Amino acid sequence: AAFKRDVAMAERKDAFANTRNNSPECENCLSCPAIFMCSKCEVSLCNNCWDDTHSARIFKDHIKNDLRRNKSEGRCQDHGGAPAEFMCLTCNKIVCPTCLLKGSHVNHQYHSIEIHIQNEHYRLDQSIQEAMAFKKKLLAAIEGVKSSLEKVENSQKRVDKEITTHFDSLEQAIEERRETLLMHSKKKLAAKTEILRKQMGEFEFSMTSINEAVKRSKVFSGRDISGLNDEIIRKLPLTRLTKTCRIASIFVVQG
């Protein structure tokens, strides 16, 4: 009896053979496929040659890149690294035809990789255009804010200038009024002082006259008092006596 052919195993074998045939050759032994590349030396090496050439301490900062990982890009992970030609829109995963026909992606929505890339480019272009349009609006808004800010600053400067001007004028008017009131007060004070000084002079003159009359009256100590008063009155000038009595009576009433 013939054995049934294992299709999955055959696909894995073919994929491994293709990977081996397409891999670069080790640049050290030239007999094995290279599976690592040194990013610093820029040399492709097999596993044994990598250990032989990079085991020293001076190579500890060299970075080992796995070429097999790079080969797996664009390959189906479910079917032995078969070329992934389609994009499953339901799962958002790259798949091979076998996945869509009889694998886990049957009846899923899909596009070819080329169409998917074109659609992604179109969406990316749309997003870029929307971003540029938004950027244009944002720049216009920024310019508007700058213009408004400049107007507000200019308006504030005008208001500050007007306030300063008004207060300067008000201070000048207050100072002028203060000087006027002080001058008027000084004039009134000087006038009142002059009047009082004149009155004081009249009082002092009257007092002197009275003192002289009293001194002379001592000579007439034996005479009648009514005659003495008459003599004092005769000695004082009439006008001076009347004015003195009037002023004295005013002060007495006010007191």
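How many helices and strands make up the secondary structure of the protein chain? The model is a predicted one, and its protein chain holds seven helices and six strands. Read from the N terminus, these elements follow the order α-β-β-α-β-α-β-β-α-β-α-α-α.

**The chain as a whole**

- The protein chain has 255 residues, of which 16% are buried.
- Its accessible surface amounts to about 20500 Å², and carbon and sulfur atoms account for 58% of that surface.
- Of the contacts between residues at least 6 apart in sequence, 29% link residues at least 24 apart.

**Helix 5**

- Helix 5 covers residues 113-217, which is 105 residues.
- The buried residues of helix 5 are Ile113 and His116, together with Ser206, Ser209, Ala213 and Ser217.
- In general, residues three or four places apart on an α-helix point the same way, because the helix has 3.6 residues a turn.

- Three strands form an open sheet in the order 5-4-6, and their pairing is antiparallel.
- At the edges of this sheet are strand 5 (93-95) and strand 6 (110-112), each of which pairs on one side only.
- From one strand to the next, the twist averages 30°.
- Helix 5 packs on this sheet and touches strand 4, strand 5 and strand 6; the direction of helix 5 makes about 95° with that of strand 6.
- Three bridges join strand 4 (residues 86-88) to strand 5 in the antiparallel sense.
- Within this pairing, Phe86 is placed opposite Val95 of strand 5.

- Strand 1 (residues 36-38) pairs with strand 2 over three bridges, in the antiparallel sense.
- Which residue of strand 2 is the bridge partner of Cys38? The partner is Val43.
- As a general point, the strands of a sheet pair through backbone hydrogen bonds, either parallel or antiparallel.

Notes: Residues numbered from 1 in each chain as written. Predicted model: local features only at pLDDT ≥ 70, side-chain atom pairs only at ≥ 80, totals over all residues. Heavy atoms only, no water. Helix = DSSP H or I, 4+ residues; strand = E, 2+ residues; numbered from the N terminus. Buried < 20%, exposed > 50% of the residue type's maximum accessible area, 1.4 Å probe, protein only. Contact = heavy atoms within 4.5 Å. Areas by Shrake-Rupley, 256 points an atom, 1.4 Å probe, with all protein chains shown as cover. Expected span 1.5 Å × (residues − 1). Pairing = 2+ DSSP bridges. Axes fitted to C-alpha atoms, helices over the stretch in contact; angles between N-to-C directions.
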